[in-house]
Amino acid sequence: MAIKKRHLMLGNLACVHGAIYAGMRFFAGYPITPSTEVAEGCARELPKIGGKFIQMEDEIGSIAAIVGASVAGLKSMTATSGPGYSLMVENIGYAYMTETPVVVINVQRGGPSTGMPTKGSQADTMQARWGTHGDYTAIAVAPSTVQECLTETIRAFNLAERFRTPVTVLLDEVIAHSREMVTIPEKGEFKVYDRVKPTCTPEEYVPFEMTPNGVSPMAGFGEGYRFNVTGLTHDTMGFTTNRPEEVSPKLDKLANKILKYRDETVKMRTEMMDGAEIAFISYGSVSRAALQAVMLARKAGVKVGTVQLYTIWPFPEKQLREICAGCKKVIVGELNMGQMIYEVERVLPNNIKIHSIQRYDGEFLTPMQLLEKLDEVL
Amino acid sequence: MAGKILDKIEIPQDRFELRLSGSGGQGMILASVILGEAIGADGTKNITQSQSYGPEARGGASKADVVVSSGEIFYPKAMKLDLLLAMTQESLDSYYPFLKENGTLIVDDVLVTEVPTDNYYGLPFTRLAREEAGHVMVANVIALGAIGAITGIVTHETLVEAVLARAPRGTEEKNRKAVEIGYREGARLLKEKAAGK
Amino acid sequence: MATVKETNQAEKQKSDVMLQYLRPKKKFPSVWCAGCGNGTVMGAIIRAIDKLGYSKDEVVMVSGIGCSSRMPVYLDFSSLHTTHGRALPYATGVKFAKPHLKVIVITGDGDALAIGGNHFIHACRRNIDITAILINNYIYGMTGGQGSPTTPSKAFSTTTPYGNVEKHFNPSELAMAAGATFVGRTTVYHVPQMEKMITQALEHKGFSLVEAVSNCHTYFGRLNRQGDPVAMLKMFKDLAVPAARAKNMTPEELEGKLVTGVLQDIEKTEFCDEYQKVVDAHRGVK
């Protein structure tokens, strides 16, 4: 078999190629370190395939434009970092409410506020879940290698299109700004999911119809189905409602269309978990340090494994409980003051002791630091 | 309590880690990208190239790492360096402690005056760039040539191709000359070292 | 002289046109107060669209938040009722994604010029082929009569109870300065002019703004003692100065007046067209 052409590619650029593979044809964004190369890559690549790139006046305009473009039928994406994500959350909420698929890449950096533009962080973990106001269920995925920047962006689009919902890609600065060998997949190698379109007549079309799987077929503007889209709580026709009997079903729909299939959203990697008494739980760059630490510790005879989450939201409750069932202790590693640990504490039974290692000085958790922590909890 | 396993931990042997360091504007990041592209050209190795830098485009400290492995690269940053290139005294002082005991040290011996070991390769990259290659900007490319010659991590031909692929239009000859100067000087030092000089 | 019967027939035809464009499944009545100028503007938009012969499927109406922004919900087009101030960037996404669609933005003075001010100037600058109808009633109606960026100095609102201490924006001047290629001002008294101006704006290639001065008798009129809708319409009639006449008047003479008519109509390259040229030049390039 011939070796496929592999490229040394920047993480941010791999996101662009993943998005294009998934069918992204519209990007709107605003420059912000450390995500800017995503916008630059889209500006360069999209015209070549007839796609649209626009630099908007700010992040609010960017998210608004991609939601507009998605309603008009194009797979759309933006990329930003914490400060920009903060500006976007109101209109990400609009995408939740209007059930509009979009992908938002958040290359996380130190915060709060302007924080540290060139330093990495995982402090937007909770923001990706609870960023906008109101009740909804969020999906967020997290790559840990440059190749995964490509594949997780494809997965983000597939989840967005399948569930008609915004999906956040939570990226670490170190991955976004690293170059690694990337294989661009051949057409057909990965499944690409497109939103379900209505097959009924325009007269019969109910844009926010209650369906068995909770996802309503989505027409694009200009395709012969004229309907209303509003951020106000609406009935199945898309018209504003305050009626209790219509409001809670709508909110249930937003949550259940995802939660019903949450097992299918889960993706995780486990290594050395057979017989492991201790497990590292982490995502992104921390998982790579954990993998290295576990490989070294196993050689030194410690029964330790690692669980890496690719799907952060919805949190893989059941799966984590099952995988960690044999553990006496877990160590949650994060580049923040402790966010994912709340979920781990909520999910794992009381007989598992939960330890944490957190770093929020802009630097990355190293394998040695994880080993020191392991040594401490042994 | 501590120390139960730490002293049993060994440095992973399946990685080759290079760090190119200097001040911002010396082209360390670009050089690391070119090196990564050259090493990765045959598609058989895994590579992680990364950098850290301040917000300024010029000045300030700059370092870029290239980790090479035939297996999966777990931790993306360098842990214990197999090779350190230091273009300034400040970068040498900062990163020398991360060099393995028998690691390769290459310094710009005009800008670096105090080296804490005798076991190193010193070349006047910046001066060679200015005086022989015709432009101070190509000091990083001369350094790449020297790294190629000293480590043999990549073939001469592949490195030249990688340099030229990144050279801005109109600067190809200058860059080719620079990488050849680096190879020549690196090979000379290697021979001298083998001869026990 | 038309007979009563003829007049009635003409009125009926007009209302038949309206009925054709109202959303069949929408629950009426509207949220607007009786006598609100928003309905007048809606009528003018519909007649303009009808006259131009656009199909309902090619028209997309986008709005933000506020009284005027509820308009798209009542009309039988594809409609995007978005967040406060953001109608223009949403509309930019729709138009840029599908340039063959006729994208109309319905916005108000608070929506477009306060919270959405940045998007407003950049949509003008970008000269994207969108028609924005800015219904300027000098006040926030939906939230109950607070001062807006167009509330005149010294005017009363619930947040300027002692008179407005701020200066106000002139929306049309702002749009022209920001690069809009078609700008016109009209009022809900000048209905034929409004209809014609909206037609011109829709036909114009590039960013077009129609500033439709309107009455909020419920808040602005009441708080500033301007009377009922009829009195406010009469006031607009009296304040209006056609642009041609205004050219020969001094700033002092124009103080407090409403200069009406097409204020700017120029040609510049349009955003979607220019981007398409980039696509045509680079498509398929590796």
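Reader: Where do I start with chain B and chain C, and how far apart are their closest C-alpha atoms?

Author: Chain B and chain C share no contact, and their closest C-alpha atoms lie 15 Å apart. Two residues are in contact if their C-beta atoms, placed from the backbone, lie within 7 Å. Residues are numbered from 1 along each chain as its sequence is written, while chains are lettered from A and ligands numbered from 1 in the order in which they are written. Please remember that this is a predicted model, where local features need pLDDT of at least 70, side-chain atom pairs count only at pLDDT 80 or more, and totals for chains, interfaces and linings use all residues.

Reader: Which chains have the most contacts?

Author: Of the two pairs of chains that touch, chains A and C have the most contacts.

Reader: How many residues do chain A and chain B bring to their contact?

Author: Chain A brings 30 residues and chain B brings 29 residues. On the side of chain A, helix 10 gives the most, with nine residues. Helices (H or I, at least four residues) and strands (E, at least two) are DSSP runs, numbered from the N terminus. By class, that side of chain A has 17 nonpolar, five polar and eight charged residues. Here Ala, Val, Leu, Ile, Met, Phe, Trp, Tyr, Cys and Pro count as nonpolar, Asp, Glu, Lys and Arg as charged, and the others, Gly among them, as polar.

Reader: How do I read a sheet?

Author: Strands of a sheet pair through backbone hydrogen bonds, either parallel or antiparallel. Two strands pair if DSSP finds at least two bridges between them. In chain A, five strands make an open sheet in the order 11-13-12-15-16, with mixed pairing. Strand 11 (268–271) and strand 16 (353–358) of chain A each have a single partner strand, so one side of each has no neighbour in the sheet. Strand 11 of chain A pairs with strand 13 (304–309) of chain A in the antiparallel sense, over four bridges. Within strand 13 of chain A, Thr306(A) is the bridge partner of Glu271(A).

Reader: Which domains does chain A have?

Author: Chain A is assigned domain 1 (6–183) and domain 2 (266–377); such bounds come from an automatic or database domain assignment. The centres of these two domains of chain A, taken over C-alpha atoms, are 26 Å apart. Between them, 23 residues of domain 1 of chain A are in contact with 20 residues of domain 2 of chain A. Helix 5 (125–130) of chain A gives the most to the domain 1 side, with four residues.
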